[in-house]
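Please examine the sequence and the model shown here. The paragraphs that follow lead through selected parts of the structure.

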Amino acid sequence: MYAIDASFSNFTPDTFRQFKEDGMGLFVQNAWTGLLTPEPAKANLVAAQMHIAAYVVVTPSLTGRSSVNQVRGALGDMWEKLSFVAIDVEAPYVPPLDTIWDAVGVVEEYGQRAVIYTSYNSWVNFLYDTHELKEYPLWYAHYNDETTIDWLLPFGGWDITQVVG
């Protein structure tokens with residue numbers, strides 16, 4: 001399934017219809033940047049009319065609970081409609097491992113599926129390739145403008161069968 005990842009883009013219902021016609025089946029919205037919830041976040045999720053998910057940037061300056069609560073509060077009743085909530089662990093704001101565990105636990109406590117969203121470089125260089133979260137699905141952050149997954153460098157104990165995007 002192809003997906004669209006958005007942060008500050010404000011899409012119209014017509015745009016979402018076009019996305020669906022183009023084969024997109026999942027819309028993923030950044031719902032907490034570590035500082036704020038992007039203005040169009042909830043409106044985009046309501047308008048998407050496809051499977052939806054959100055991600056939360058977890059930073060060293062806040063607890064995992066606080067970051068997840070920002071998302072849950074901003075999305076309101078849309079929280080229950082999400083397919084998953086991804087914990088975004090990317091440089092330069094990689095938090096300590098206990099903060100990531102805290103966020104994962106709160107996502108699950110609130111009844112959502114937790115996913116780890118990270119890149120090889122962020123995970124290996126900042127979290128020393130820990131395998132502690134390998135039981136959670138991985139949303140692999142790899143930017144190359146292609147619609148394929150280049151699984152060249154395994155990390156974190158994950159394998160290709162655990163990649164959700």
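**A guided reading of the model**

Gln162 lies in the segment that follows β6 (138–140); helices (H or I, at least four residues) and strands (E, at least two) are DSSP runs, numbered from the N terminus. Leaving aside residues up to four places away in sequence, Gln162 touches Lys134, Glu135, Tyr136, Pro137, Leu138 and Gly157, where contact means heavy atoms within 4.5 Å. Between Gln162 and Ser67 there are 95 residues in sequence and 25 Å in space, C-alpha to C-alpha.

This is a predicted model, in which local features need pLDDT of at least 70 and side-chain atom pairs count only at pLDDT 80 or more, while totals for chains, interfaces and linings use all residues. Residues are numbered from 1 along each chain as its sequence is written, and side-chain values use heavy atoms, with hydrogens and water left out. The chain has a mean pLDDT (the predictor's confidence in each residue, from 0 to 100) of 88, and 92% of its residues reach 70 or more. Confidence is lowest in strand β1 (residues 2–6), with a mean of 80, and highest in α4, at 97.

Helix α3 (residues 64–75) packs with helix α4 (residues 97–109) at an angle of about 40°, the axes being 7 Å apart. Axes are lines fitted to C-alpha atoms, for helices over the stretch in contact, and angles run from 0 to 180 degrees between N-to-C directions. The angle makes α3 oblique to α4, because angles under 35 degrees count as roughly parallel, over 145 as roughly antiparallel, 65 to 115 as roughly perpendicular and the rest as oblique. From α3, Gly64, Arg65 and Val68 make the contact, and from α4, Thr99, Asp102, Ala103, Val106, Val107 and Glu109.
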